[in-house]
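Work through the exercises below with the sequence and the model open. Try each task before reading its solution.

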Amino acid sequence: MKLLEGKTVLVTGASTGIGRAAAIGAAQHGADVAINYANSDGPAASCVAEIEALGQRAIAVKGDVADPQTAQDFVTRAVDAFGKVDVMVSNAGICPFHAFLDMPVDVVERTFKVNLHGAYFMVQAAAQQMVKQGHGGSIVAVSSISALVGGEFQTHYTPTKAGVHSLMQSTAIALGKHGIRCNSVLPGTILTEINKDDLADVEKRTYMERRTPLGRLGAPEDLAGPIVFLASDMAAYVTGAALLVDGGMYVNLQ
Ligand SMILES: NC(=O)C1=CN([C@@H]2O[C@H](COP(=O)(O)OP(=O)(O)OC[C@H]3O[C@@H](n4cnc5c(N)ncnc54)[C@H](OP(=O)(O)O)[C@@H]3O)[C@@H](O)[C@H]2O)C=CC1
Ligand SMILES: C[C@H](O)[C@@H]1OC(=O)[C@H](O)[C@@H]1O
């Protein structure tokens with residue numbers, strides 16, 4: 001059963017990792033897909049090709065989500081190509097691991113701008129278009145288990161993920177009257193470019209694996225199903241919710 005037949009789905013940060021898996025998952029469920037990305041032209045083009053090979057339409061729009069204009073441009077390009085916006089998956093993010101006491105100001109500011117400001121303006125631009133269309137929509141933001149727990153080298157990052165989680169709660173209230181649902185997914189540790197260097201430390205990787213009751217770290221594809229579900233009408237009465245997708249890591253105290 002295809003859950004997103006006839007829908008237009010926008011995904012930010014979809015050249016690699018979780019965003020890419022979400023974009024391809026949406027296409028497998030019958031959606032046309034617009035992807036945003038920042039730098040990786042080759043991977044973005046291959047994501048488009050993969051979606052087209054599934055028989056769906058796709059465009060890639062390059063742009064830095066930290067710039068509010070990127071959100072307006074992304075939505076405009078998607079509407080030009082596909083006529084509407086049904087789903088926004090706000091996923092783009094960075095996590096430059098760094099110690100707290102000597103954290104450079106520019107690393108903090110950049111992380112806040114990409115992860116939180118970027119999500120804010122993308123969600124707002126999609127919602128403006130959905131309200132104009134008048135038939136509701138679904139917004140899924142990629143927050144993190146890190147919205148709920150801390151990280152020694154993520155003091156600039158975890159507040160942005162808590163912020164994205166909170167943004168979905170407030171926009172669920174602001175947009176409910178327009179039939180727009182807003183939810184977040186909270187991935188645990190998923191093997192992607194964002195943590196390749198961090199998890200090259202075998203001791204750390206083994207520790208993270210041992211903390212996970214399901215016995216393995218996540219793959220980007222583990223997020224595709226939960227994101228497609230929340231995007232779809234199967235979740236028609238779900239809004240303001242946060243879905244942990246972490247193999248059980250969060251509940252594993254001892
Ligand atoms: N991996 C994990 O363990 C977890 C990840 N997350 C969250 O998942 C999201 C995706 O991360 P993940 O897939 O792991 O990492 P990746 O590094 O694989 O993917 C990040 C994506 O975001 C894009 N991106 C980065 N900066 C910008 C920007 N300024 N403007 C537009 N696009 C940008 C990248 O594009 P390009 O390649 O072109 O730069 C890429 O497509 C992030 O929000 C992250 O916080 C949450 C919990 C766990
Ligand atoms: C990048 C990290 O490995 C990853 O990001 C998150 O949000 C998770 O909590 C992991 O720490």
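**Exercise 1. The largest nonpolar core**

Find how many residues the largest nonpolar core has, and which have the most contacts inside it.

*Solution.* Start with the terms. A nonpolar core is a set of buried Ala, Val, Leu, Ile, Met, Phe, Trp, Tyr and Cys residues joined through side-chain atoms within 4.5 Å. Buried means under 20% relative accessible area, exposed over 50%, and partly exposed in between, with a 1.4 Å probe and protein chains only. The largest core has 32 residues, and V33 and I227 have the most contacts inside it. Next, locate its sources. At least two residues each come from β1 (8-11), α1, β2, α2, β4 (87-90), β5 (137-142) and α7 (221-231). The largest share, 6 residues, is that of α1. Helices (H or I, at least four residues) and strands (E, at least two) are DSSP runs, numbered from the N terminus.

Now take I227. Contact means heavy atoms within 4.5 Å. Setting aside residues up to four places away in sequence, I227 touches I18, A22, V89, V140, V142 and V185. Another core, of 31 residues, lies apart from this one; F74, M130, A141 and L175 are among its members.

The model is predicted: local features need pLDDT of at least 70, side-chain atom pairs count only at pLDDT 80 or more, and totals for chains, interfaces and linings use all residues. Residues are numbered from 1 along each chain as its sequence is written, chains are lettered from A and ligands numbered from 1 in the order in which they are written, and side-chain values use heavy atoms, with hydrogens and water left out.

**Exercise 2. Helix α2**

Where do the buried residues of α2 fall, seen down its axis?

*Solution.* Check the length. The expected span is 1.5 Å times one less than the number of residues. List the buried residues: A44, C47, V48 and I51. They fall within an arc of 95°, so they line one face of α2. The arc is that of the directions from the helix axis to the C-beta atoms. An α-helix has 3.6 residues a turn, so residues three or four places apart point the same way. Then find the partners. The buried residues of α2 pack against α1 (17-28), β2 (32-37) and β3 (58-62). After α2 comes G55, with a positive phi near 90°.

**Exercise 3. Helix α3**

Which residues of α3 are buried, and what covers them?

*Solution.* Helix α3 (residues 68-82) has 15 residues, which should span 21 Å; its end C-alpha atoms are 22 Å apart, which agrees. Buried here are T70, A71, F74, V75, A78 and F82. They cover an arc of only 130° around the axis, which puts them on the same side of α3. Their cover includes β1, β2, β3, β4 and α4.

**Exercise 4. N36**

Is N36 buried or exposed, and what does N36 touch?

*Solution.* N36 lies in strand β2. Its relative accessible area is 2%, so N36 is buried. Beyond residues up to four places away in sequence, N36 touches V11, T12, G13, A14, S15, V61, G63, V65, T70, F74, A92 and M122.

**Exercise 5. Q129 and G215**

Which is buried, Q129 or G215?

*Solution.* Q129 is found in helix α4. At a relative accessible area of 11%, Q129 is buried. Q129 and V85 are 44 residues apart in sequence, yet their C-alpha atoms are 6.9 Å apart.

G215 sits in the loop between α6 and α7. With a relative accessible area of 53%, G215 is exposed. G215 and G248 are 33 residues apart in sequence and 9.3 Å apart in space, C-alpha to C-alpha.

**Exercise 6. M208**

With which residues is M208 in contact, leaving aside its neighbours within four places in sequence?

*Solution.* M208 lies in helix α6 (residues 202-210). Its relative accessibility is 15%, so M208 counts as buried. The contacts are T189, L199, L217 and M249. The C-alpha atoms of M208 and M249 are separated by 8.4 Å, with the two residues 41 apart along the chain.
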